[in-house]
Amino acid sequence: MIVLYLVIFGVITSLRHHNFQTQTWDLAAFDQSFWNAAHGRGLVNNLEQVRNHLGLHMSPLLFALVPGYALFDSPYFLLIIQTLALAIGAWPLYLLAQKVLGKNGPWALLIAGAYLLYPGLQWTNMYDFHEAAFFVPLLLSAIYFLEVKKWGWATLFLILSAGVKEDAISMVIFVGIYLIVRRATYSEPRRTKDGSLSSWWTTERKIGITTVILALIYFILAVKIIMPALGGGVLRFDRYANLGATPAAIISNVAANPLLLFKTIITGPKLAYVFWLFLPMAFLPILSWRALILIVPGLLENLLTNYQFQFSGLYHYDAILIPGIFLGTIYGLQTVLNRWPAKEKLVKAVLAGGIALAFVLRSPISPLSFPIQYLKSTPQWEAYRQLVKLVPDGISVAANTHLVPHLTHREHVHAIGSETSLADMVIVDAADLFGFDTPENMQAYIDNYMKTGLYTIKVFDNRYVILLNNRFKLVPNN
């Protein structure tokens with residue numbers, strides 16, 4: 001199943017990029033960051049809000065991918081390694097399901113298959129490249145090693161998970177909380193091998209408390225010291241402007257008006273979002289409240305905003321929730337099977353039905369919405385291919401958002417309209433107004449370049465415009 005997933009999504013995501021469906025945000029920003037890092041300049045780009053990517057997202061784990069990127073020197077490497085990471089996450093999940101549910105191969109295989117068919121996972125894979133994808137297999141591995149009490153390996157994978165992103169650090173904090181409370185009550189006192197009563201102060205709780213403390217310290221250092229020192233910080237609070245302009249204002253506003261929180265979360269689209277999160281797992285995670293602790297920060301992150309893409313279920317924002325959802329599924333399933341063992345076939349049928357229904361209705365490769373167009377070509381895509389070949393190496397370029405990911409192997413590349421200084425070359429698809437309100441605004445943008453007297457203009461097919469600084473010549477089109 002892992003190999004099949006890798007082949008399908010490796011091909012589809014590669015074709016998606018080949019046919020100019022990836023964008024400036026986010027594949028181009030990552031690809032330029034990796035290209036710069038491979039050339040010794042660090043994870044920097046000129047496409048994001050701050051030049052150093054670590055100022056925008058605390059993602060030191062990305063440095064581990066730089067040697068591989070330097071070897072292949074291609075955005076396709078990022079798409080394939082992301083696909084491999086998400087696919088391989090089925091393996092620790094399979095082992096975890098075996099450990100919790102017993103050596104019952106069919107159940108573990110069903111859980112692994114549900115993971116690979118989970119729409120949130122597949123949309124994470126489809127939508128360009130994001131560091132959040134690597135959080136999924138890393139945290140699943142950490143959870144598995146915690147379950148089998150291999151504390152050293154668990155610690156390593158928790159550290160790697162925290163290195164993915166700043167919101168991943170908050171998830172690791174909640175892993176610590178989970179370890180503290182997951183055995184908070186016993187039906188009877190437990191005994192050790194020598195017959196003595198077990199203590200509350202277990203190795204598991206020691207690791208949980210240590211994890212909370214160290215992850216909290218790292219989170220504060222990351223968002224208050226390291227990221228601001230790199231020119232950034234937590235810059236996405238604008239997505240929560242409905243609650244307040246700053247974290248302090250949000251807390252104050254919610255405390256003064258608790259209904260504000262209720263009105264923000266209880267909306268039709270957000271209730272639908274939660275429904276689709278849990279439907280593929282037949283709502284089994286609801287039966288394991290301790291496991292659901294792991295989705296608290298990610299779920300709040302997506303529900304407290306009015307930025308609709310975060311609660312659409314169609315991008316990468318669900319990645320941070322996936323480990324907790326599947327841990328909850330395993331323990332919820334354990335609860336059901338222990339209470340109603342005679343209903344095992346019914347439970348399996350219901351779970352398989354939820355998986356199938358969600359896949360058909362929500363998956364990006366569903367029979368109802370399979371992206372067959374990626375297997376073809378269009379005059380626009382062919383024209384883009386020719387335009388990209390005309391760009392000389394090393395010069396600064398501004399282009400439409402779908403062209404930028406193919407032009408990132410240079411120090412300066414921009415989406416048209418976002419450059420802070422004149423680019424050496426500008427490529428404009430006049431039929432793509434992304435970034436401009438009207439055709440007149442796009443024309444004014446082109447006119448501003450021409451007014452300088454420094455550029456030669458060429459127009460192809462009455463649609464594609466090239467502005468080239470007179471110091472350069474077009475590369476012959478092969």
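Biologist: Which residues in H9 meet Ala168, Met171, Val175 and Leu179 in H11?

Modeller: This is a predicted model, where local features need pLDDT of at least 70, side-chain atom pairs count only at pLDDT 80 or more, and totals for chains, interfaces and linings use all residues. Residues are numbered from 1 along each chain as its sequence is written, and side-chain values use heavy atoms, without hydrogens and water. Helices are DSSP runs of H or I with at least four residues, strands runs of E with at least two, numbered from the N terminus. With contact taken as heavy atoms within 4.5 Å, the residues in H9 are Phe135, Leu139 and Leu146.

Biologist: How many aromatic pairs does the structure hold?

Modeller: Rings of Phe, Tyr and Trp (its six-membered ring) pair if their centres lie within 6.5 Å; planes under 30 degrees apart count as stacked, over 60 as edge-to-face and the rest as tilted. On that basis the number of aromatic pairs is 24.

Biologist: Which parts of the chain does the pair of tyrosine 127 and tyrosine 315 tie together?

Modeller: The pair is edge-to-face, at 4.7 Å centre to centre and 85° between the planes. Tyrosine 127 lies in the loop between H8 and H9, and tyrosine 315 in the loop between H17 and H18, so the pair joins parts 188 residues apart in sequence.

Biologist: Is tyrosine 384 buried or exposed?

Modeller: Buried means under 20% relative accessible area, exposed over 50%, and partly exposed in between (1.4 Å probe, protein chains only). The relative accessible area of tyrosine 384 is 1%, so this residue is buried.
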